[in-house]
Amino acid sequence: MAKALAEAGMDAVFSYAGRTANPVAQPLPLRIGGFGGVGGLLSYLRKEEISHVVDATHPFAAQMSRNVVRACAEGEVPLCAYERPPWSPAAGDNWIHVGDTEAAVQALPQDPARVFLAIGKQNLAGFAARPQHHYLLRLVDEPKAALPLPDCSVEIARGPFDEAGDLALLKRHGITHLVSKNAGGRGASAKLAAARALNLPIIMIDRPKVLPRKIYGDVAEVMAWLSHTPA
Ligand SMILES: NC(=O)c1ccc[n+]([C@@H]2O[C@H](COP(=O)([O-])OP(=O)(O)OC[C@H]3O[C@@H](n4cnc5c(N)ncnc54)[C@H](OP(=O)(O)O)[C@@H]3O)[C@@H](O)[C@H]2O)c1
């Protein structure tokens with residue numbers, strides 16, 4: 001999305017929350033950090049005279065997406081979301097669908113298991129309720145504070161990942177269960193193929209709900225919307 005905007009010479013700004021230490025560079029002017037809720041975002045939109053907003057956040061960044069819907073409605077700024085479709089199970093997959101992280105904890109077995117907890121760093125604490133399991137975490141940055149899980153190992157890596165690498169990872173750690181958010185897209189899907197190859201159960205967390213808004217799954221569609229939607 002950023003590349004397409006830059007190539008089209010659009011006057012655009014890219015916003016990162018500031019969660020990772022060294023975010024990927026983008027071919028657009030960058031701002032980093034929260035806006036300060038709906039009110040802060042609305043002030044930003046007005047101050048910077050933003051004419052259009054593209055919500056290209058991760059499908060699990062629901063708070064930001066909700067704030068954007070409200071701020072754009074209040075500021076009467078046209079909004080669309082650029083969102084990849086969710087993954088769906090393929091033949092041979094063994095998915096257990098759950099609604100949220102708490103339900104994913106409950107879906108784990110009682111007997112000790114070796115779990116690849118592929119959900120990032122923000123929602124780990126709930127899994128401390130099942131301390132009998134060994135957890136494998138894959139994080140972008142080295143954790144700064146102690147992790148809330150008594151028995152875990154950490155891989156520091158940044159996607160995109162490939163199937164051969166993820167298969168080797170699952171085998172190396174003797175993984176028996178995968179917990180994943182239904183992020184969609186190609187960059188993080190290799191773990192699903194690797195789990196399928198090993199016939200492992202996948203506890204798949206469904207996407208959180210966001211208020212209805214215009215959604216495009218394709219960069220070209222967003223670019224067309226930007227060109228055809230009056231400010
Ligand atoms: N959640 C995931 O699984 C996940 C995975 C990969 C990448 N990410 C990315 O990491 C960022 C944070 O995710 P999250 O789940 O913590 O978000 P979140 O819970 O939806 O948002 C929490 C707060 O972080 C700030 N924020 C989030 N995205 C922002 C952005 N692009 N620019 C400026 N501020 C932002 C906002 O703060 P204020 O209220 O102060 O404005 C927001 O209220 C998102 O941009 C998302 O795309 C998330």
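Leaving aside neighbours within four places in sequence, with which residues is Tyr 135 in contact? In this predicted model, Tyr 135 is in contact (heavy atoms within 4.5 Å) with Leu 108, Val 115, Leu 117, Phe 127, Arg 130, Leu 149, Asp 151, Cys 152 and Ser 153, once those neighbours are set aside. Residues are numbered from 1 along each chain as its sequence is written, and side-chain values use heavy atoms, without hydrogens or water. As the model is predicted, local features need pLDDT of at least 70 and side-chain atom pairs count only at pLDDT 80 or more, while totals for chains, interfaces and linings use all residues.

Tyr 135 belongs to the largest nonpolar core, which has 18 residues. A nonpolar core is a set of buried Ala, Val, Leu, Ile, Met, Phe, Trp, Tyr and Cys residues joined through side-chain atoms within 4.5 Å; buried means under 20% relative accessible area, exposed over 50%, and partly exposed in between, with a 1.4 Å probe and protein chains only. Leu 117, Phe 127, Tyr 135 and Val 179 touch the most other members of this core. At least two core residues come from each of helix H4 (101–107), strand E6 (114–118), strand E7 (134–139) and strand E10 (201–205); helices (H or I, at least four residues) and strands (E, at least two) are DSSP runs numbered from the N terminus. The most is given by E7, with 3 residues. A second, separate core has 16 residues, among them Trp 95, Phe 116, Leu 170 and Leu 178. In soluble globular proteins, nonpolar side chains tend to be buried together.

By the ring rule, the count comes to 3 aromatic pairs. Under this rule, rings of Phe, Tyr and Trp (its six-membered ring) pair if their centres lie within 6.5 Å, with planes under 30 degrees apart counted as stacked, over 60 as edge-to-face and the rest as tilted. One of the pairs is formed by Phe 127 and Tyr 135, whose centres are 5.9 Å apart with 70° between the planes, an edge-to-face arrangement. Phe 127 has a relative accessible area of 0% and is therefore buried; Tyr 135, at 0% relative accessibility, also counts as buried.

Helix H6 (residues 190–197) is mostly covered, with 6 of its 8 residues buried. These are Ala 190, Lys 191, Leu 192, Ala 193, Ala 194 and Ala 195. The buried residues of H6 pack against strand E5 (94–98), E6, E7, helix H5 (163–172), strand E9 (177–181) and E10. After H6 comes Asn 199, with a positive phi near 60°. Asn 199 lies in the loop between H6 and E10 and is exposed, because its relative accessible area is 58%.

Strand E8 (residues 152–156) contains Val 154. Val 154 is partly exposed, with a relative accessible area of 33%. Apart from residues up to four places away in sequence, Val 154 touches Leu 137, Leu 139, Pro 143 and Leu 147. In the loop between E8 and H5 lies Pro 160, and the peptide bond from Gly 159 to Pro 160 is cis, with omega near 0°.

What is the order of the 3 strands in the open sheet? The order is E3-E4-E11, with parallel pairing; two strands pair if DSSP finds at least two bridges between them. E3 and E11 stand at the edges with a single partner strand each, so one side of each has no neighbour in the sheet. Strand E3 (residues 53–55) is joined to strand E4 (residues 79–82) by 3 bridges, and Val 54 stands opposite Cys 80 in E4. From E3 the chain crosses through helix H3 (residues 62–75) to E4 in a right-handed β-α-β crossover: with the strands pointing away from the viewer, the path from the first strand over the helix to the second runs clockwise. In the loop between H3 and E4 is Glu 76, a residue other than glycine with a positive phi near 55°. Glu 76 is exposed, with a relative accessible area of 70%. On the E11 side, 2 bridges join E4 to E11 (residues 215–216). The bridge partner of Ala 81 is Ile 215, and Tyr 82 stands opposite Tyr 216.

Helix H2 (residues 37–47) has the buried residues Val 38, Gly 40, Leu 41, Leu 42, Tyr 44 and Leu 45. The buried residues of H2 pack against strand E2 (30–32), E3 and H3.
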